[in-house]
Amino acid sequence: MTTTPAPTRSVPAQDPPPPPRGPLTPVEVATVGILSALAVVLGLLSATMPFLNSALIALSALPVAMVSVRLRPRAAISAVAVTVLVSLAMGGVLTVWNVAQGALAGAIVGALLRRGVGLLGAGMAGTLVGGVFGALIDA
């Protein structure tokens, strides 16, 4: 007894939804706020614990990179701005330099990952940006 395969039904391809325009959505605002607060906390810890300074600055780049990868560029710019301004209000100039270094490196790495650059290329770009910005700060 031979069986014939069931006919396959093709589903028409749907266009992806257009990217959102206009102001940030409430979900984006909440995500930016929470992850920026995490970056500020890590920046405050890096300013107060000099023996973990470099590791905490590198970790403070992670929340901003997450915003850059997952959300639109407007949210990434907002995350960098909020992170720098809140760190200035809470920790002073030293904290701002530490947090700004991590936030800029995180935003650049996240944007590169979003564009499809591999982990190696994004990691090298982040290391380059962090090193240049760190050399400018420490000079």
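Modeller: Two residues are in contact when they have heavy atoms within 4.5 Å of each other. We will need that term throughout. The structure above is a predicted model: local features need pLDDT of at least 70, side-chain atom pairs count only at pLDDT 80 or more, and totals for chains, interfaces and linings use all residues. Residues are numbered from 1 along each chain as its sequence is written, and side-chain values use heavy atoms, with hydrogens and water left out.

Biologist: What pLDDT does the chain average?

Modeller: First the term: pLDDT is the predictor's confidence in each residue, from 0 to 100. The average over this chain is 84, and 86% of the residues score at least 70. Where pLDDT is low, the predicted coordinates should not be read in detail. Helix 3 has the highest confidence in the chain, with a mean of 92, and helix 5 (residues 119-138) the lowest, with a mean of 79.

Biologist: How many helices and strands are there in the chain?

Modeller: Both are DSSP runs, numbered from the N terminus: a helix is H or I over at least four residues, a strand is E over at least two. This chain has 5 helices and 0 strands. Read from the N terminus, the order is α-α-α-α-α. Of contacts between residues at least 6 apart in sequence, 71% join residues at least 24 apart.

Biologist: What share of the 139 residues count as buried?

Modeller: Buried means under 20% relative accessible area, exposed means over 50%, and partly exposed lies in between, using a 1.4 Å probe and protein chains only. Here 32% of the 139 residues are buried.

Biologist: Which residues make up the largest nonpolar core?

Modeller: In soluble globular proteins, nonpolar side chains tend to be buried together. A nonpolar core is a set of buried Ala, Val, Leu, Ile, Met, Phe, Trp, Tyr and Cys residues joined through side-chain atoms within 4.5 Å. The largest one here has 6 residues: Val32, Leu35, Val67, Leu71, Ala75 and Ala79. Helix 1 (26-48) and helix 3 (73-91) are the elements that give two or more residues to this core. There is also a second, separate core of 5 residues, among them Val64, Val80, Ala103 and Ala107.

Biologist: With which residues is Val67 in contact?

Modeller: Setting aside neighbours within four places in sequence, Val67 contacts Thr31, Val32, Leu35, Ala75, Ala76 and Ala79.

Biologist: How far apart are the end C-alpha atoms of helix 2?

Modeller: The expected span of a helix is 1.5 Å times one less than its number of residues. Helix 2 (residues 53-70) has 18 residues, so it should span 26 Å, and its end C-alpha atoms are 27 Å apart, which agrees. After helix 4 comes Gly116, with a positive phi near 100°.

Biologist: Where is the kink in helix 2 centred?

Modeller: The bend at a residue is the angle between axes fitted to the seven residues ending there and the seven starting there. In helix 2 the kink is about 25° and is centred on Val64. Val64 counts as buried because its relative accessible area is 1%. Beyond four places in sequence, Val64 touches Ala39, Val80, Thr83, Ala103, Gly106 and Ala107. Its C-alpha is 6.8 Å from that of Leu35, 29 residues away along the chain.

Biologist: Which helices do the buried residues of helix 2 pack against?

Modeller: They pack against helix 1, helix 3 and helix 4. Ser60 is one of these buried residues.

Biologist: Which backbone oxygen does the side chain of Ser60 reach?

Modeller: A polar contact is a pair of N or O atoms within 3.5 Å; within protein, one must be able to donate a hydrogen and the other to accept it, and residues adjacent in sequence count only if both atoms are side-chain atoms. The side chain of Ser60 reaches the backbone oxygen of Ile57 at 2.7 Å. Ser36, in helix 1, is buried at 2% relative accessibility. A polar atom of its side chain lies 3.3 Å from the backbone oxygen of Ala79.

Biologist: Is Arg114 buried or partly exposed?

Modeller: Arg114, in helix 4, has a relative accessible area of 43%, so it is partly exposed. Its side chain reaches the backbone oxygen of Leu71 at 2.9 Å. Outside four places in sequence, the residues in contact with Arg114 are Ser68, Val69, Arg70, Leu71 and Arg72.
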